[in-house]
Amino acid sequence: MSGQPNTRLSDLFGLAGWSKGELARLVNRQAAAMGHPQLSTDTSRVRRWIDMGEIPRDPVPRVLAALFTERLGRVVTIEDLGLVRHGRTGKRQGDGNAEHPDGMRGRPTEPLRSSPNSREWTSCSTDAAWWVRVPRSPRDPYSAVPCTTGCTPTRPSPPTPPSSTTPCTPTPLGSTATRPPPIGSQEIEELERSVEVFRAWDAARGGGLQRKAVVGQLNEVGGMLAYRHPDHLQRRLWGVAANLAVLAGWMSHDVGLEPTAQKYFVIAAHAAREGGDRPRAGEALSRAARQMVHLGRPDDALDLMKLAQSGSGDEVLPRTMAMLYTVEAWAQASMGKGQAMRRTLGQAEDLFVSDRSDVPPPSWMQMFKEEDLYGMQALAYRTLAEHEPGAAVHAQHYAEKALALRVDGRQRSKIFDFLSMASACFIADDPEQGGTYARLALVSMGSNSSHRTWDRLRQMYRLTAEYSSYPKIHELREEIKLALPKQVKGGNSARA
């Protein structure tokens with residue numbers, strides 16, 4: 001007990017509009033429904049949680065997270081409630097830590113090696129089997145992967161969940177178990193819809209706010225995949241797993257959890273291949289490649305893109321291949337390979353135009369529209385401008401075209417376009433316009449949880465140093481220094 005009020009819990013309690021006595025009764029009722037009928041709380045205990053910072057023991061934090069999630073209509077995690085214990089000497093098997101923030105174990109725990117190849121990625125995918133765990137006792141088929149993130153899964157919890165210390169052994173993904181869980185096409189449709197909601201939220205607000213909910217949903221799907229379903233349902237379930245894993249990886253990358261992001265990209269590629277969706281596996285690898293470019297490792301990114309392109313199969317749509325080429329072009333630009341970058345972007349543009357849209361794109365490609373092609377072209381040219389300043393004018397051209405089409409609420413992409421434009425303007429010796437776009441980005445970043453936008457802002461900030469004697473730019477630099485989050489100020493700058 002800290003003796004200090006839990007302001008997080010107090011704020012959410014005020015939003016929910018309950019009385020303390022009402023919340024106590026709801027906790028007892030919800031705990032019983034979750035298999036903990038012995039739990040009993042009262043008004044005075046709720047008061048200690050809120051007013052004195054007392055942190056209740058498990059399962060109360062999870063019960064509270066479920067209640068607030070339902071009441072407020074958005075995912076509320078244990079962390080949101082301020083109910084995380086710090087400084088514990090021991091951890092349960094499912095708990096996270098700095099190295100494994102989602103309680104994940106297994107390889108790869110380190111960043112990708114300098115020259116990943118097909119054999120290494122195949123090995124990584126095999127190692128992803130630890131994702132699905134099944135209990136030694138078949139009494140409870142729902143306990144495959146417990147969700148410890150405070151999320152509310154699509155499928156209801158079982159009436160008698162196991163203890164958090166129930167032993168489990170790794171089982172290869174998709175292995176057959178004795179009792180299939182009750183899942184059908186309707187539940188898979190609900191999971192597919194949840195992916196769309198998470199994807200839209202991520203694009204609008206960044207990966208930090210819903211990441212744990214995505215991880216929890218992915219764990220639920222992992223539990224379902226421990227059992228054999230009819231082939232048509234099994235393929236769709238693998239597809240849901242791939243989509244959720246890509247999102248979990250992208251959100252993790254978005255908030256700087258780089259080794260964790262790589263694990264999820266491995267899971268995504270593996271799940272997509274299991275579901276027979278080779279283009280999806282290629283797109284998952286392209287996400288890992290983008291991560292490598294962001295971390296200043298474009299040579300690794302190019303190796304990954306070779307795998308992505310060669311492994312996507314003959315059924316890959318032209319627009320999907322165009323997207324893959326834009327990632328390759330960004331990596332080439334980071335290495336100063338201007339001629340190769342221009343050639344690759346030309347291929348991407350030709351492929352994009354050739355896509356007649358006679359075949360509906362898969363859900364995961366619906367985020368790559370014309371403005372996204374322009375945005376990636378702007379980013380590639382802006383990156384090349386560090387080596388060839390003359391490329392800045394092309395970056396401005398494509399960033400302007402992208403911004404003109406950004407009307408669908410994907411605020412993070414718009415911030416990146418603002419920053420590409422601002423950086424290109426400073427490189428092209430147009431500080432006045434650069435400052436205008438930098439401020440547009442800065443205004444939008446306060447409501448976004450993406451650390452990558454701050455990384456890119458730091459790169460742009462570096463370009464303003466040459467113009468620091470200009471009053472408006474000096475003022476802009478001061479605004480940026482004040483706005484940068486503390487954890488970013490002390491971190492390593494990522495390459496744009």
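Let's start with helix α4, where V60, P61, V63, L64, A65, A66, L67, F68 and T69 are buried. Buried means under 20% relative accessible area, exposed means over 50%, and partly exposed is in between, with a 1.4 Å probe and protein chains only. Helices here are DSSP runs of H or I of at least four residues, numbered from the N terminus.

A word on the source. This is a predicted model, where local features need pLDDT of at least 70, side-chain atom pairs count only at pLDDT 80 or more, and totals for chains, interfaces and linings use all residues. Residues are numbered from 1 along each chain as its sequence is written, and side-chain values use heavy atoms, leaving out hydrogens and water.

What covers its buried residues? The cover includes α1 (7–16), α2 (20–33) and α3 (43–51).

Take α1. It packs on α4 at an angle of about 45°, with the axes 10 Å apart. Axes are lines fitted to C-alpha atoms, for helices over the stretch in contact, and angles run from 0 to 180 degrees between N-to-C directions. The two helices are therefore oblique to each other. Under 35 degrees counts as roughly parallel, over 145 as roughly antiparallel, 65 to 115 as roughly perpendicular, and the rest as oblique. On the α1 side, L9, L12, F13, L15 and A16 meet F68, R71 and L72 of α4. Contact means heavy atoms within 4.5 Å.

Next pair: α12 (residues 318–334) and α13 (residues 338–354). Their angle is about 165°, and their axes are 8 Å apart. So α12 and α13 are roughly antiparallel. Residues in this contact include Y325 and A329 of α12, and L345 and F352 of α13.

Now two loop residues. V359 sits in the loop between α13 and α14 (370–384). V359 is partly exposed, at a relative accessible area of 42%.

Is T464 buried or exposed? T464 is buried, with a relative accessible area of 0%. Its place is the loop between α18 (451–463) and α19 (471–483). Leaving aside neighbours within four places in sequence, T464 is in contact with F426, I473 and R477.
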